[in-house]
Amino acid sequence: MIVVPGAASPFFRRPALGDLPVGSVTAFAGTLGPPDSASPAAAVSPAAYTTNPLEAWGWMVCDGRSLPCVDYPELFAVLGYVYGGADDNFNIPDYRGYFLRGIGTGTRNDPDIDQRSQPPGGQGASDGVGSIQPFAVQTHEHTYSSAPAPSATSPSGTAAGAPSVASTLTTGGPVAGAGQAQAQAVQVSPNETRPLNVYVNYLIKFTYGLLPLLR
């Protein structure tokens, strides 16, 4: 069992000025591999830290895992069952593949707030922290020049036939604008709309730092 800060344990200390609060999320640029039994962190890590030596420093990856409430009381006090779980277990957020967005409640910065939904399996509010929103492309139009469809043959003695009408899909997909012949090809995807991006591991702080034993 993880001992809460302030208890008689050589591993934990109370938060100091400047410490990030439990529940804080940060982007981590390193890769996360299996625990290294030779590392000092793993050598003194409590038994509950099973995923990565990084957890010995009070951080774990946001992968939606289920945790025992009694082993992670500080984090449970912050998250509750917002991200799922019940009774003796609760879930942490799963941020894999997501962009993070500041909560827009009370502002006009998220005009489609009504399209948000509760965290998958969780008990959070549909417009609160942890709520999710599917990808979308803002409505827009494109104009282009096209030749009129040929007119149907007119019987003798009648007015010219009206042009025939047919729906036709555009071809070639998005292209660079006029005067941009040297621009890079426009990237398209059948699955999503996305900006230029880079992968990171999102970590969540689940307890406060360790004492100088790891220094």
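These legends accompany a set of close-up views of a predicted model.

**View 1. The whole protein chain, for orientation.** The protein chain holds two helices and six strands. Read from the N terminus, these elements follow the order β-α-β-β-α-β-β-β. Of the 215 residues in the protein chain, 25% are buried.

View 2. Leu-100 sits in the loop between β5 (89-91) and β6 (201-205). Its relative accessibility is 43%, so Leu-100 counts as partly exposed.

View 3. Is Ile-103 buried or exposed? Ile-103 counts as exposed because its relative accessibility is 53%, and the cut-off for that class is over 50%. Look across to Val-129 as well: this residue is 26 residues away from Ile-103 along the chain, yet their C-alpha atoms are separated by 6.4 Å.

**View 4. Asp-87 and its backbone angle.** Asp-87 lies in the loop between β4 (85-86) and β5. Check the backbone here, as phi of Asp-87 is near 55°, a positive value in a residue other than glycine. The residue counts as exposed because the relative accessibility of Asp-87 is 64%.

View 5. Side chains of opposite charge can pair when their charged atoms come close. Asp-94 has a relative accessible area of 32%, so Asp-94 is partly exposed. Arg-96 is exposed, because its relative accessible area is 55%. In the whole structure, a search finds six salt bridges.

**View 6. The salt bridge between Asp-63 and Arg-65.** The side chains of these two residues, Asp-63 and Arg-65, meet with an N to O distance of 3.0 Å.

View 7. Glu-192 forms a salt bridge with Arg-194, and their closest N and O atoms are 3.1 Å apart. Glu-192 is partly exposed, because its relative accessible area is 39%. Arg-194 has 45% relative accessibility, so Arg-194 counts as partly exposed too. Elsewhere, salt bridges that share partners join Glu-55, Asp-63 and Arg-65 into one network.

**View 8. The second largest pocket.** Which residues lie nearest the centre of the second largest pocket? They are Gln-187, Val-188, Ser-189, Glu-192 and Thr-193, out of a lining of 14 residues. By type, the lining divides into six nonpolar, six polar and two charged residues. The space in the second largest pocket comes to about 330 Å³.

Notes: Residues are numbered from 1 along each chain as its sequence is written. This is a predicted model: local features need pLDDT of at least 70, side-chain atom pairs count only at pLDDT 80 or more; totals for chains, interfaces and linings use all residues. Side-chain values use heavy atoms; hydrogens and water are left out. Helices (H or I, at least four residues) and strands (E, at least two) are DSSP runs, numbered from the N terminus. Buried means under 20% relative accessible area, exposed over 50%, partly exposed in between (1.4 Å probe, protein chains only). On a 1 Å grid over the protein atoms alone, a cavity is a set of points where a 1.4 Å probe fits but cannot get out, and a pocket is an open set with protein on both sides within 12 Å along at least five of seven lines; lining residues have an atom within 4 Å of a point. Grid points are joined across faces, edges and corners, and a volume is the space filled by probe spheres set on the points. Ala, Val, Leu, Ile, Met, Phe, Trp, Tyr, Cys and Pro count as nonpolar, Asp, Glu, Lys and Arg as charged, and the others, Gly among them, as polar. A salt bridge is a side-chain nitrogen of Lys or Arg within 4 Å of a carboxyl oxygen of Asp or Glu.
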